Amino acid sequence: MAFTYILYSSQLDRYYIGHTEQSLQERILKHLSDHSGFTSKAKDWQLVLQKSFDSKAETYKYERQIKGWKSRRAIENLIRGE
């Protein structure tokens, strides 16, 4: 099983969109740990959306679709289920 997920940081007022084949709990802990990368800029990331898929390819395709929107409003509509 693989997941596409969206995290939100109120400190940055930003969303992070990613995918993983790990458990979501493990992946979020990595985002919250000391590391280099975009999510290292804040330590208050919260999971606001998750969607599971049978394959990594499907998960990656969905992540790219969301990132392709380049619209905060579209992402927030997705999170609200609209």
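**Exercise 1.** Work out how β1 and β2 pair and what links them.

*Solution.* Start with the pairing: strand β1 and strand β2 (residues 14-20) run antiparallel and are joined by seven bridges. Strands here are DSSP runs of E with at least two residues, numbered from the N terminus, and two strands pair if DSSP finds at least two bridges between them. Next, pick a facing pair: Tyr8 is opposite Tyr15 in β2.

A quick note on the model: it is predicted, so local features need pLDDT of at least 70, side-chain atom pairs count only at pLDDT 80 or more, and totals for chains, interfaces and linings use all residues. Residues are numbered from 1 along each chain as its sequence is written, and side-chain values use heavy atoms, leaving out hydrogens and water.

**Exercise 2.** Find the other partner of β1, then check how covered β1 is.

*Solution.* Strand β3 (residues 46-53) also runs antiparallel to β1, with seven bridges joining them. Across that pairing, Tyr5 sits opposite Gln50. As for cover, seven of the eight residues in β1 (residues 2-9) are buried, meaning under 20% relative accessible area with a 1.4 Å probe, protein chains only (exposed is over 50%, partly exposed in between).

**Exercise 3.** Is Ser10 buried or exposed, and what does its side chain contact?

*Solution.* Ser10 counts as exposed because its relative accessibility is 53%. Then follow the side chain: it makes a polar contact with the side chain of Asp44 at 2.9 Å. That term covers a pair of N or O atoms within 3.5 Å; within protein, one must be able to donate a hydrogen and the other to accept it, and residues adjacent in sequence count only if both atoms are side-chain atoms.

Note on methods: Helices (H or I, at least four residues) and strands (E, at least two) are DSSP runs, numbered from the N terminus.
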